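Please examine the sequence and the model before reading on.

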Amino acid sequence: MAQTAGIVIEHNAKGSPTFARIDLRKYGDKLKDFFASEGVSIEEPPYDPEFVGKIKK
């Protein structure tokens with residue numbers, strides 16, 4: 001089977017494919033419409049993570 005740089009298929013203990021890890025720097029633009037249709041955002045959050053951490057405390 002051919003390998004594609006930036007995509008890694010992970011298997012469970014029984015050897016069945018379970019997860020796909022995708023490099024969004026390489027494929028993010030191509031997957032943006034699919035993620036949006038599923039309700040997943042790949043955009044950067046609008047708030048500084050340090051600020052969010054302070055609010056959560």
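A salt bridge is a side-chain nitrogen of Lys or Arg within 4 Å of a carboxyl oxygen of Asp or Glu. By this criterion, the structure holds 3 salt bridges. The model is predicted: local features need pLDDT of at least 70, side-chain atom pairs count only at pLDDT 80 or more, and totals for chains, interfaces and linings use all residues. Residues are numbered from 1 along each chain as its sequence is written, and side-chain values use heavy atoms, without hydrogens and water.

| Salt bridge | Closest N and O atoms |
|---|---|
| Arg21 and Glu10 | 2.3 Å apart |
| Arg25 and Asp23 | 3.1 Å apart |
| Lys54 and Glu50 | 3.8 Å apart |

Arg21 in strand β2 (residues 17–22) and Glu10 in strand β1 (residues 7–11) are 11 residues apart, and their pair links distant parts of the chain. Helices (H or I, at least four residues) and strands (E, at least two) are DSSP runs, numbered from the N terminus. Lys54 and Glu50 both lie in helix α2 (residues 49–56), 4 residues apart, about one turn of the helix.

Relative accessible area is called buried under 20%, exposed over 50% and partly exposed in between (1.4 Å probe, protein chains only). Arg21 counts as exposed because its relative accessibility is 53%, whereas Glu10, at 27%, counts as partly exposed. Arg25 is exposed at 79%, and Asp23 is partly exposed at 25%. Both Lys54 and Glu50 are exposed.
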